[in-house]
Amino acid sequence: MWRIIRTRFQQGHRTMAYPDGPPPPLPARFRGRPVIDPTRCEAGCRLCAEACPTDAISIQALETDAALEGTAPIPAGRISVDLGRCLFCTDCVEACPSGAITHDVDHRLASNDRLALHIDPTAAIEVAKAMLDEKMRKLFGRSLKLRQVSAGGCNGCEADTNVLGTVGWDIGRFGIQFVASPRHADGLFITGPVTENMRLALQKTWDAVPTPKIVIATGACAISGGPYIGHPEAHDGVASVVPVDLFIPGCPPHPLTILDGLLRMLGRIEADPRRRPR
């Protein structure tokens, strides 16, 4: 027993200091928002949009003065990326002939506004707002109990969510806990595209949570259907069944992205804008 106690003292404090201290280092393979260098991008080629497996990239053609005068249009376009659809894969990176597309390393992706996940990857980006209104923050700011529902997920988002309960992250220190019954919950934490076989179960779980209540859609599948968009046995995300208060993009989202979204939703972290260096 004394050997165990001595070893424990030697191990020291394991729980990270974040958000009071710096966030933990992210792995080299981490991918944040897609970033497009406008000086290298030729939007007229559309290869990135055609390569995207979920149609997360859209390019709206722009007419120039020359085109309006009847001459041939100049290849150009306004590019938009839907982070709610993005799988954070490298298909667009590999398809780009000029190497204009990269990913940043910012973990702050969550938003309480679905439209705010539509970003211009060629422009400086601000961190999206992810905060509840003042009344809801007063109710849930110190204690938030969530019932997790895997609505047809592959277990990727579920696995990264489970990490938050480990000693290194210790999400319970913020008063956030996952509970076994929806009747003991303040809201739902949902992953997966909402398959047909889970639609009724999700609806009943939502109905069982006492009001007021919140819903958190985690991962591309829960936000938009992910790679299953348009599949006859899926419902293209949580919003097709229940209202959503927080969207956390990713496939799967990193545990730090999930934690950041939850803490900003509760007002524990200020959503200070940041500018991407050029």
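Student: Does W2 count as buried or exposed, and at what relative accessibility?

Tutor: The model is predicted, so local features need pLDDT of at least 70 and side-chain atom pairs pLDDT 80 or more, while totals for chains, interfaces and linings use all residues. Residues are numbered from 1 along each chain as its sequence is written, and side-chain values use heavy atoms, without hydrogens and water. Buried means under 20% relative accessible area, exposed over 50%, and partly exposed in between (1.4 Å probe, protein chains only). W2 counts as exposed because its relative accessibility is 65%. W2 belongs to helix α1, residues 2-11; helices (H or I, at least four residues) and strands (E, at least two) are DSSP runs, numbered from the N terminus.

Student: Where is D55, and what is its phi?

Tutor: D55 is not a glycine, yet its phi is positive, about 55 degrees. D55 sits in the loop between α2 (47-51) and β2 (57-60), and D55 is exposed because its relative accessible area is 55%.

Student: Is V194 buried or exposed?

Tutor: V194 is buried, with a relative accessible area of 0%. V194, also not a glycine, has a positive phi of about 65 degrees and is located in the loop between β8 (187-191) and α7.

Student: Which residues does the cis peptide bond with omega near 10 degrees join?

Tutor: That cis bond runs from Y18 to P19, and P19 lies in the loop between α1 and β1 (34-36). Another cis peptide bond joins T211 and P212, with omega about -5 degrees; P212 occurs in the loop between α7 (196-208) and β9 (214-218).
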